[in-house]
Amino acid sequence: NYLNINKKIKRFFDFCFGSIILLSILPILFIISFLIKISSSGPIFFMQDRCGINGKVFKMYKFRTMYFDPKTSYKKLKQAQINDKRVTKIGRFLRKYSLDELPQLINVIKGEMSLVGPRPHAVEHNDYYRKIITGYMQRYSTLPGMTGLAQTSGARGETKDVEDM
């Protein structure tokens, strides 16, 4: 089957290229980890449930860019905004250059994500948007990606309007 062959080629490419990138930037990842650890308390990584292919939930890895508050309930997700006071100084730099996304290479190697595909949204966002946007869940008919059409078109960060979704 032509589609299955294409999926296997894409998976092979994602695994090989993701592994090469991850190994080559390992020193940078250690430096970022160190800077996060000395600049604020809390874990180095932020892990959040995201929806993957066919709606399967997985933990997506990112570098933590916000101050850590163990008392905060993550059940009510508040999307980050421009000039968000919760973002650390190191976090602001990481977000500006999308360095906080680099741990997602682990998700790519595990087969939960692809290098390119629709960005995975938080489970809470899916529950909201699928009720108000027709066809919203079609995005999960393929592997989510570290980068997608919206990011390559300059649409990144806060989404204020439903029409932008």
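Predicted model: local features only at pLDDT ≥ 70, side-chain atom pairs only at ≥ 80, totals over all residues.
Residues are numbered from 1 along each chain as its sequence is written, and side-chain values use heavy atoms, leaving out hydrogens and water.

Let's start with the fold. The protein has six helices and four strands, which run α-α-β-β-α-α-β-α-β-α from the N terminus on. Helices (H or I, at least four residues) and strands (E, at least two) are DSSP runs, numbered from the N terminus. Take contact to mean heavy atoms within 4.5 Å; then, among contacts with a separation of 6 or more, 66% are between residues 24 or more positions apart.

Now for the inside. Of the 165 residues, 33% count as buried, where buried means under 20% relative accessible area, exposed over 50%, and partly exposed in between (1.4 Å probe, protein chains only). A nonpolar core is a set of buried Ala, Val, Leu, Ile, Met, Phe, Trp, Tyr and Cys residues joined through side-chain atoms within 4.5 Å. The largest one has 15 residues, and L29, F63, L105, M113 and M146 touch the most other members. Helix α2 (26–39), strand β2 (57–63) and helix α4 (104–110) each supply at least two residues of this core. Looking past its neighbours within four places in sequence, F63 is in contact with residues including L29, I32, I36, L94 and P103. Another core, of five residues, lies apart from the largest one, and Y129, I133, Y136 and Y140 are among its members.

What about charged pairs? A salt bridge is a side-chain nitrogen of Lys or Arg within 4 Å of a carboxyl oxygen of Asp or Glu, and the whole structure has seven of them. D49 and K59 form one at 2.9 Å, N to O, linking strand β1 (residues 45–51) to strand β2 across 10 residues. D49 is partly exposed, because its relative accessibility is 34%.

D100 and K62 meet at 3.7 Å, N to O; D100 sits in the loop between α3 (89–96) and α4, while K62 is in strand β2, 38 residues apart.
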